[in-house]
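This briefing covers one model, topic by topic.

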Amino acid sequence: MMAKLEVFDPTTDPKEQPITYVARPDSLKGKRIGLVENTKHNSDRLLLKIGKILQDEYGGAEARIWRKHNSSVPAHQEILDELSASCDVMVAGIGD
């Protein structure tokens with residue numbers, strides 16, 4: 001049986017955009033960690049385990065999770081506002 005191959009034909013020209021990364025903290029000790037999951041199966045479980053590791057092994061103060069409305073959209077503004085106000089670092093993840 002042959003595998004199906006999908007080829008996407010872009011209808012627009014590629015658009016280059018510079019990306020500016022935020023500097024990483026030197027340490028996670030005492031940092032409040034935000035976790036954003038995208039509703040995919042097990043993404044919450046994976047992120048909660050990551051949050052626990054970041055707390056237990058890297059000294060994170062706390063880990064709190066937010067859930068996007070669905071996986072195909074960016075995090076909503078209220079999530080971004082809460083993250084900005086209450087977290088020092090964040091991890092976004094997916095799962096299937």
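Helices (H or I, at least four residues) and strands (E, at least two) are taken here as DSSP runs, numbered from the N terminus. By that numbering, Leu 46 belongs to helix H1. The model is predicted. A search of the whole structure finds 4 salt bridges, the largest nonpolar core has 6 residues, and the largest pocket has a volume of about 270 Å³.

**Nonpolar cores**

- In soluble globular proteins, nonpolar side chains tend to be buried together.
- The largest nonpolar core is made up of Leu 28, Ile 33, Leu 35, Leu 47, Leu 54 and Val 89.
- At least two residues of this core come from strand E1 (32–37), and at least two from helix H1 (43–58).
- Another core, of 5 residues, lies apart from it and includes Val 36, Trp 66, Ile 79 and Leu 83.
- With neighbours within four places in sequence left aside, Leu 54 is in contact with Leu 28, Ile 33, Gly 59, Gly 60 and Val 91.

**Largest pocket**

- Leu 28, Leu 54 and Val 89, listed in the largest core, are also among the residues that line the largest pocket.
- Arg 24 and Val 89 are 65 residues apart in sequence, yet their C-alpha atoms are 8.6 Å apart in space.

**Salt bridges**

- Side chains of opposite charge can pair when their charged atoms come close.
- Arg 32 pairs with Asp 88 in a salt bridge, with 3.1 Å between the closest N and O atoms.
- This pair links distant parts of the chain, 56 residues apart: Arg 32 is in strand E1, and Asp 88 is in the loop between H2 and E3.
- Both partners are partly exposed, Arg 32 with a relative accessible area of 29% and Asp 88 at 39%.
- Glu 37 forms a salt bridge with Arg 67, and the closest N and O atoms are 3.3 Å apart.
- Glu 37 is in strand E1 and Arg 67 in strand E2, so this bridge ties together parts 30 residues apart in sequence.
- Glu 37 has 3% relative accessibility, and it counts as buried because that value is under 20%.
- Arg 64 and Glu 82 meet through their side chains in a salt bridge of 3.1 Å, N to O.
- Arg 64 lies in strand E2 and Glu 82 in helix H2, 18 residues apart, and the pair links distant parts of the chain.
- Arg 64, with a relative accessible area of 39%, is partly exposed, and Glu 82 is partly exposed at 35%.

**A buried lysine without a partner**

- Lys 68 is in the loop between strand E2 (62–67) and helix H2 (77–86).
- Lys 68 is buried but has no salt bridge.
- The nearest side chain of opposite charge to Lys 68 is Glu 37, 8.8 Å away.
- Beyond its neighbours within four places in sequence, Lys 68 is in contact with Val 36, Glu 37, Asn 38, Thr 39, Val 73, Pro 74, Ala 75 and Ile 79.

- Leu 46, in helix H1, is partly exposed at 43% relative accessibility.
- Leu 46 and Gly 93 are 47 residues apart in sequence and 8.2 Å apart in space, C-alpha to C-alpha.
- Most residues other than glycine have a negative phi.
- Thr 39, in the loop between E1 and H1, has a positive phi of about 80 degrees although it is not a glycine.
- Asn 42, also placed in the loop between E1 and H1, has a positive phi of about 75 degrees and is not a glycine either.
- Thr 39 is partly exposed at 25% relative accessibility, and Asn 42 is partly exposed with a relative accessible area of 28%.

Key:
Residues numbered from 1 in each chain as written. Predicted model: local features only at pLDDT ≥ 70, side-chain atom pairs only at ≥ 80, totals over all residues. Heavy atoms only, no water. Core = buried A, V, L, I, M, F, W, Y, C linked by side-chain atoms within 4.5 Å. Buried < 20%, exposed > 50% of the residue type's maximum accessible area, 1.4 Å probe, protein only. Contact = heavy atoms within 4.5 Å. Lys, Arg positive; Asp, Glu negative; His and termini not counted. 1 Å grid on protein atoms, 1.4 Å probe; cavity = no way out; pocket = protein on both sides within 12 Å on 5 of 7 lines; lining within 4 Å. Points joined across faces, edges and corners; volume = space filled by probe spheres on them.
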